[in-house]
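Here are my notes for your first look at this one. Keep the model open beside you as you read.

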Amino acid sequence: MSQLFLALTIGSLFSLGTFLLLRRDLLKSILGVIIFGQAANVYLITMGGFSGTVPVLYGGENLVSTTDPLVQALVLTAIVISLGTTSFILVLLLRVYDEHGTLDIDRLWGQS
Amino acid sequence: MELNFISLAIIVFLPFLAAAITFLIYPLLKEKTAYFSALIALTCASLILTLFGTTGSTSVPLLSSLDVHLRFYVDGLSLLVGLLASGMGVLTFIYSLGYMKNQRHSPTYYAALLVFMGSMLGIIFSADLIFIFIFWELTSLSSYFLIGYFNNENSSKSAAKKALIITSIGGLLMLLGFLLIHSITGTFDLSLLLSEPTSVQSSLRAHGLFLPTLVVIILAGASKSAQIPFHIWLPSAMVAPTPVSAFLHSAAMVKAGVYLLGRFHPILSGDEWSLILLTIGIITMTLTALFAVISTSIKELLAYSTASHIGLMLMGFGIPITLTGVSPSLGFVSGSFHLLTHALFKAALFLIAGVLACQLGIKTFSDAKGLWVKIPLIAIFAVFASLCMAGIPLTSGFYSKELLFQGVYTLANNYGGIWWILPLLSIMASSLAVVYSLRFIMMFFGSQPSHKKDVQPLPPSMVFPISILILLSLIVAISPSIAIDFISHSSSSYPPGHLPIHIGIPDHVTPPLLMSLSSLVLGVALYTKHKQISKATTSVLSSKHLSIDSIYSSIILSLENYGLALISKTEKTSMRTHIIWLIGTLGMLPAITLLYLHQNISISSSLPHQPAFLIVLLIIILGTISVARSNSHIMGVLFLSIVGFMIAVFYLLSNAPDVALTQLAVETLILVIFLVIIGKLPAYYGEASPIRVRLDTILSIFIGTVVFFAVIISTSSFAPKDIVAFFSNRASYPIGSTENIIFDYGGGTNIVNVILVDFRALDTLGEISVVALAALSILTLLHSRNQGGVK
């Protein structure tokens, strides 16, 4: 059941991300990009398999099995990088509005 | 004798170092930089002289695990060409001082010339095929800068581009040839290949790769050496400053192709080799000599004549080693000998043309008449060098041409039949050489000086290099055997010939001497009619179908047009179209894979069932739908935030507390940034049209379905993860072990943290750099607001 639900969630995240990316409003496109990033992260964590315990060791003893720590490290890096790119993209959005006076993609394209 | 690796490394890399230094010292030395560069060239030349008489190879491993070595190889041929390149470098730099007086001086000019000289020496002394290729392309690149030196003119630009395109196509062909050789022999080591040339050839033949290798290597050499049909770049390249032409286009760069062929002569020579080289050589030698006869500009004549003389060298290399009656190395020696004599007289002629252009403003033959009166010393030099070019008996050009005549005569005598066309065409080409040499000489004679302006005294820095070159030509003319001994040494890879190559003042009439004399007589006779010849030939050649130049331009033009058409088809459309194509393709690829993956899609139970999951995932889906449906910016952002926080909860449930913490912090930050910015943005625009919405929905559902099945399949079975065991064993520290704790163990308890700061610390460094870079860019973007061209 979990698998089905996860597939459904990741599928709808990608689907709605695509839909948002194609919107006329530039801000909505950016929301689509962010959702893509979230969906990819969720997918990565899912590939860890959810089996095992929290990947923390106590007192140097090697516990029997922890969940996959590598995907977590990857996702952690990805989240931090997404903070950088998202804030950059938002300031870029601000500048686009400053320079062109609109965030309507159709009009932006027509201008250039 | 053991080669000195250090001195070879200095010879090749000192010019590159000096080129970098040029930019530093130019503000101090100004035009005296020419002396600095000349000193560098002189150092290289004297180091090469110390190697005189040595043969062998030396190497130092650079990356031994990848079998990358810095290898050098030295023999007579490389010493000869290396000495020419560095010696001509000295003279060119000295000459540049005078020539560049009235032109724009710049450190780039000297740096490019130094880089060129270094790469030329690199081609010559490297024994690693990959290094040869790199240096080969570097000569093309530096020649591009030097031809385009006056780059405010369109003609310079297109000429530089033409030379670059043609010679780098040749370079790529050469790389292909090297890779073919490597695929059979498994080595890039030239000295290894040259130590067993016959077995390399037979194994190439055994795999059927001999002919392809041969053809691409010859084409590479021909393109660099401006042989037909690649000859078109050389006359165009004459827009370069004259010292550059003298250096690159007579003594060094065009000789790189000859050198390459000379280098591979022992490995590739055979019937096919001879046939191809003799054909290219004789066609180029004859046709370009004709082009030289009809040229109107002085430098163009010299350029065509260079191509013609290189054709002669290639013919020399093409003469089979199996001829009876002559030494087996006759062809090789004649080619190398002509390489030397030609470089000496042609460079002198180019420098003289530079004097005419720079001091008198004469660039075409129609301007030039009776220059004897103005510049008597230069006139004497010019006459002597032209006589060498024409191959008049007892000049340096005569002896090298005699050897070739002897070769082609013996060849025709041996094989008979159609081969007699070679001596005949050689006589024809030589007589044309006499014609254009006479044209050059006659500039200095004539009734009245066409130039009224008084001539300023020539700067000694211009006269000196010319006189050195003339002196050297004179030495070769008086005692050709010195040069021959030097060059015979380079053909040591052949068994010593039974018949020594004899050269000297002819004491009895031989067929080659008769050939020389008849071409001389024919040439003088043709000169009297040369106006008519020019007219007739020009009218034939002006037809567009015959011109390789126009074929080249139409190819380049159609490529440019195709590129522009492609851009306007793909780039001028809207961002929407870009995204649709990109995402559509991204979706199609896994969709096709899924269709062909005949696999039972099973809902497996390997993922644990947790009721809390279902609630969290449901909220995520609903939240995302609300983001898509929201009709104001603020609502969209708030719903997105809800989704983000719910994903943090999801991470928490997936036993990933660190990720969840990070997600919470980042979501909070992004929400704050959104809220700061959103007040400065316009209101929501709404949808464009219902049709568009429907179309986008279809694409979105398609993508969603593909991802859904991808997730189902990829989570249906998990491979055992050794990596998990690795990290959980290594993240901490060993108990009571003497192993290398520092290098092999993390010494922490939180595995994810240990991965981030220890095992994958470099990734984390990259991540931090991305964030720092983003912060810097944001600062720049905010700072540059309302500056510059804001509407």
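1. Start with pLDDT, the predictor's confidence in each residue, from 0 to 100. Chain A averages 86 on that scale, and 90% of its residues score at least 70. Among the elements of chain A, helix α2 (residues 26–46) has the highest mean pLDDT, 93, while helix α4 (residues 105–111) has the lowest, 75. Helices here are DSSP runs (H or I, at least four residues), numbered from the N terminus, and strands are runs of E of at least two.

2. A bit of housekeeping. This is a predicted model, where local features need pLDDT of at least 70 and side-chain atom pairs count only at pLDDT 80 or more, though totals for chains, interfaces and linings use all residues. Residues are numbered from 1 along each chain as its sequence is written, and chains are lettered from A and ligands numbered from 1 in the order in which they are written.

3. Now, where do the chains meet? First the count: 94 residues of chain B are in contact with 78 residues of chain A (contact means C-beta atoms, placed from the backbone, within 7 Å). Several helices of chain B each supply at least two residues to that side, including α24 (575–596), α27 (657–678) and α32 (761–783). The largest share, 14 residues, comes from α28(B).

4. What is that side of chain B made of? By class, it has 58 nonpolar, 25 polar and 11 charged residues. Ala, Val, Leu, Ile, Met, Phe, Trp, Tyr, Cys and Pro count as nonpolar, Asp, Glu, Lys and Arg as charged, and the others, Gly among them, as polar.

5. Chain B is divided into domain 1 (5–496 + 512–528), domain 2 (610–760) and domain 3 (761–791), with bounds from an automatic or database domain assignment. Taken over C-alpha atoms, the centres of domain 1 and domain 3 of chain B are 52 Å apart.

6. Next, look at α15 (residues 330–360) and α16 (residues 376–390) of chain B: their axes come within 9 Å and cross at roughly 145°. Axes are lines fitted to C-alpha atoms, for helices over the stretch in contact, and angles run from 0 to 180 degrees between N-to-C directions. Residues making this contact include B:F345 and B:L349 of α15(B) and B:F381 and B:M389 of α16(B). The residues of the contact divide into 11 nonpolar, two polar and no charged.

Definitions and conventions
Contact = placed C-beta atoms within 7 Å.
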